[in-house]
Amino acid sequence: MSRVRRFAAAAAAVALPVCGLTLAAQPSASAAPNFQVPFKCGVTVTAATFSGHNPANSVDFQKSGITGMPVLAAAPGKVTRVANEGSTSYGRWIELDHGGGWRTRYAHLSAQEVSVGQSVGQGKEIGKAGATGGVTGPHLHFEENLNGVTQKAVLNGVAVPYFGKKDFTSKNGCGGNPYSATQVCGSGFSVIDQQALGTAGTAYLLYNASSKENCVTTLKATSLGTASAASAFLEVKGSTRATDSGNFTYYAGPVKKNAGSTCVKWGGSVGSSAYESPFEHCG
């Protein structure tokens, strides 16, 4: 799932070819975490992809003077590998498990600053970029893996181009909720109403004109990255209310129901701050 409630158990160790893994496809899929650029807030790096990269779909982050730059966790996770391949392959590298089958890898590091089993928040410094392993120059090798298969990378909702180069400015650790309501609800949804929950967060109502669905999500503004109480609900007039409630790191929801021209009641909560609308948006 895209929000992190818990972390999956670490997978078994696997052998490494040159600068990557031979990875086998496995069943099932899960929505990706909102992966962020793995560098400090405001740092601009070039994400480079090229045909023949091993594994396919991995990314090389390039920047003048990158050696020694802090490398940050792209999403909250648990450290599953801290390894050193010497002068071959990944060199010094780290793997994080984000749950739902998703893992990230950070390779060619000059320093590793975490240990296996450690839980890290998004934006936590895990090491420093370098040029260890089988490289011709300093850069950070990065992978977004799902069930052992390297996926085409997406950073803060923006797809990395394949094949080519694109500059990304990091929002990692900048503060604020890294998710937007449209990211939570998905493609085709637009915000049609929202209500601030004091300073604790905001409840959003969205609509998809193609599917005729409404969607509600509550984005936290406090205790970000830490599981705490939040909820989101949606009630179509004449039908049962649907609620997502629990302890979440960034948001509650999405709660979706087909409404069309039917009135809806919606709202949510963060901690003790709550909102419930009247029946509205009937047309």
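Helices and strands here are DSSP runs, numbered from the N terminus: a helix is H or I over at least four residues, and a strand is E over at least two. With that in hand, hello everyone, and let's look at the structure above.

Please keep in mind that this is a predicted model: local features need pLDDT of at least 70, side-chain atom pairs count only at pLDDT 80 or more, and totals for chains, interfaces and linings use all residues. Residues are numbered from 1 along each chain as its sequence is written, and side-chain values use heavy atoms, with hydrogens and water left out.

Let's begin with a sheet. Strands of a sheet pair through backbone hydrogen bonds, either parallel or antiparallel. The open sheet I'd like to show you has four strands in the order S18-S17-S20-S21, and the pairing is antiparallel. Which strands stand at the edges? They are S18 (242-248) and S21 (273-276); each has a single partner strand, so one side of each is left without a neighbour in the sheet. From one strand to the next, the twist averages 5°; such angles run from 0 to 180 degrees between N-to-C directions, with axes as lines fitted to C-alpha atoms, for helices over the stretch in contact.

Now zoom in on one pair. Strand S17, residues 228-236, joins S18 in the antiparallel sense over seven bridges. If you find Phe-233, you'll see Thr-243 of S18 opposite.

Is Asn-208 buried or exposed? Buried means under 20% relative accessible area, exposed over 50%, and partly exposed in between, using a 1.4 Å probe and protein chains only. Asn-208 sits in strand S15, residues 201-208, and counts as buried at 9% relative accessibility. Leaving out residues up to four places away in sequence, Asn-208 touches Ser-187, Gly-188, Phe-189 and Glu-213, where contact means heavy atoms within 4.5 Å. The side chain of Asn-208 also reaches the backbone nitrogen of Ser-210 at 2.9 Å.

That brings us to polar contacts: pairs of N or O atoms within 3.5 Å, where within protein one must be able to donate a hydrogen and the other to accept it, and residues adjacent in sequence count only if both atoms are side-chain atoms.

Thr-150, in strand S10 (residues 149-150), is buried at 7%, and its side chain makes a polar contact of 2.6 Å with that of Asn-145.

Finally, Asn-34 comes in the segment before strand S1 (44-49) and is buried at 6%. A polar atom of the Asn-34 side chain lies 2.6 Å from the backbone oxygen of Pro-178.

Methods. Two strands pair if DSSP finds at least two bridges between them.
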